[in-house]
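The sequence and the structure come first.

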Amino acid sequence: MAKGKIVILGINGHVGHAAAEAFAAAGWQVTGFGRSNRQPVAGVEFVAGDADDVAALKAAIADADVVFNGLNLPYDKWFDGRAEAQLARVIEAMGASGKTMLFPGNVYNYAASETLLTPDTPERPERPRGEIRLRMEAMLKAAAARGAFQTIVVRAGDFFGPGSHNDYLDLLILREAAKGRVALAAHEVPHSWAYLPDLGRAFVAVAERREELAGYEAFHFAGHFVTSGEVFEAIQAVSPKMLTRVPTPWTMLSLLGLAMPLMREIVKMRYLWDNPMRLADPRLEAILGPDFGTPFDEAMGRTVARFFTESRQAA
């Protein structure tokens with residue numbers, strides 16, 4: 001018997017897809033919602049719909065116990081109130097249902113000077129993108145305060161995982177992997193990463209404890225806090241040839257940003273790579289239990305292996 005019914009909004013996104021796989025594996029009844037079913041997940045029902053259509057959202061989540069909000073606009077399309085408007089449509093669709101919303105958070109809410117990020121760390125965004133995320137989470141807090149529905153935020157670092165595309169790993173770090181070059185920060189400042197299969201299982205764990213939690217909860221998923229050298233070593237371990245580590249080409253990326261809005265927005269977030277911002281949350285660690293998570297070398301190896309398979313096939 002299914003543990004409950006969950007609807008994944010934005011099932012084609014990085015974290016939405018990972019959540020669908022994790023909840024299905026855990027025995028939930030899972031439905032995915034999106035414009036297309038381009039990444040089918042075994043055992044997951046799919047409903048086609050447009051996230052701009054509140055009626056379609058309402059219909060999709062009508063009999064769900066939990067709603068995973070994996071909707072996200074393209075990185076350069078967050079501004080002018082668009083990200084907040086997208087979330088407002090989901091909040092309207094949720095209504096006063098008493099359901100639970102799961103919401104993926106990130107570290108944008110915090111100043112670069114904050115080196116240890118716990119749920120109690122003051123939120124002082126470093127960039128306008130962080131101010132947007134702060135406003136969005138305030139909208140969810142307000143909905144919880146008026147008793148409309150429960151929200152559980154799980155905040156994490158940069159996503160990586162098997163099959164993940166159009167993220168920092170493939171857009172920048174491994175963009176020249178076929179040529180044997182890996183672009184990483186020249187320094188050894190640690191960076192926060194979240195392995196998507198593990199993050200998906202973390203969402204399952206908090207969803208299954210939702211009745212014990214408050215109307216609004218924010219957890220921090222520690223993931224992996226590793227240096228550029230550790231990332232390079234993990235990538236080299238699965239490469240069929242010797243690789244060369246080169247510095248992240250920030251100057252070139254800035255020039256590309258003059259014509260490419262996406263690249264311009266990525267460059268604005270450089271501070272995340274130049275400052276050690278570590279996520280920690282003993283409360284979530286207690287929920288997940290000891291030895292939770294995939295070792296970093298194994299996780300990164302599973303993620304990047306395809307880049308070298310693809311490069312051999314192309315050759």
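Strand β5 (residues 100-105) is mostly covered, with six of its six residues buried. Buried here means under 20% relative accessible area, exposed means over 50%, and partly exposed lies in between, with a 1.4 Å probe and protein chains only. Helices (H or I, at least four residues) and strands (E, at least two) are DSSP runs, numbered from the N terminus. The model is a predicted one, in which local features need pLDDT of at least 70 and side-chain atom pairs count only at pLDDT 80 or more, while totals for chains, interfaces and linings use all residues. Residues are numbered from 1 along each chain as its sequence is written, and side-chain values use heavy atoms, with hydrogens and water left out.

In a regular strand the side chains alternate between the two faces of the sheet. On one side of β5 lie Thr-100, Leu-102 and Pro-104, and on the other Met-101, Phe-103 and Gly-105; all are buried, which leaves both faces covered.

Two strands count as paired if DSSP finds at least two bridges between them. β5 runs parallel to strand β4 (residues 66-69), and three bridges join the two. Within this pairing, Val-67 stands opposite Met-101 of β5. β5 also pairs in the parallel sense with strand β7 (residues 150-155), over six bridges. There, Leu-102 has Ile-152 of β7 as its bridge partner.

Together with helix α3 (residues 82-94), β4 and β5 make a right-handed β-α-β unit. A crossover is right-handed if, with the strands pointing away from the viewer, the path from the first strand over the helix to the second runs clockwise.

**Aromatic rings**

Across the whole structure, a search finds 10 aromatic pairs. One of them is Phe-68 with Phe-203, an edge-to-face pair at 4.9 Å centre to centre with 80° between the planes. Because Phe-68 lies in strand β4 and Phe-203 in helix α6 (residues 196-207), this pair ties together parts that are 135 residues apart in sequence. Phe-68 counts as buried at 0% relative accessibility, and Phe-203 is buried with a relative accessible area of 0%. Rings of Phe, Tyr and Trp (its six-membered ring) pair if their centres lie within 6.5 Å; planes under 30 degrees apart count as stacked, over 60 as edge-to-face and the rest as tilted. Ring pairs also link Phe-160, Tyr-168, Trp-193, Tyr-195, Trp-273 and Phe-296 into a cluster.

**Cavities and a pocket**

On a 1 Å grid over the protein atoms alone, a cavity is a set of points where a 1.4 Å probe fits but cannot get out; a pocket is an open set with protein on both sides within 12 Å along at least five of seven lines, and lining residues have an atom within 4 Å of a point. Grid points are joined across faces, edges and corners, and a volume is the space filled by probe spheres set on the points.

The structure holds three cavities of 30 Å³ or more, and the largest cavity has a volume of about 60 Å³. Its lining includes Trp-193 and Trp-273, which also belong to the ring cluster. β10 (191-195) and α7 (228-238) each supply at least two residues of this lining. By class, the lining has seven nonpolar, four polar and no charged residues. Ala, Val, Leu, Ile, Met, Phe, Trp, Tyr, Cys and Pro count as nonpolar, Asp, Glu, Lys and Arg as charged, and the others, Gly among them, as polar.

The second largest pocket has a volume of about 240 Å³. It is lined by 16 residues, of which Phe-221, Ala-222, Gly-223, Leu-288 and Phe-292 are the closest to its centre. Helix α11 (residues 282-288) gives the most to this lining, with three residues. The lining comprises seven nonpolar, six polar and three charged residues.

**Single residues**

Asp-80 and Asp-291 are not glycines, yet each has a positive phi of about 60°. The table gives their places and accessibility.

| Residue | Place | Relative accessible area |

Lys-179 lies in the loop between α5 (168-173) and β9 (181-184) and is exposed, with a relative accessible area of 59%. Lys-179 is 65 residues from Thr-244 in sequence and 9.2 Å from it in space, C-alpha to C-alpha.
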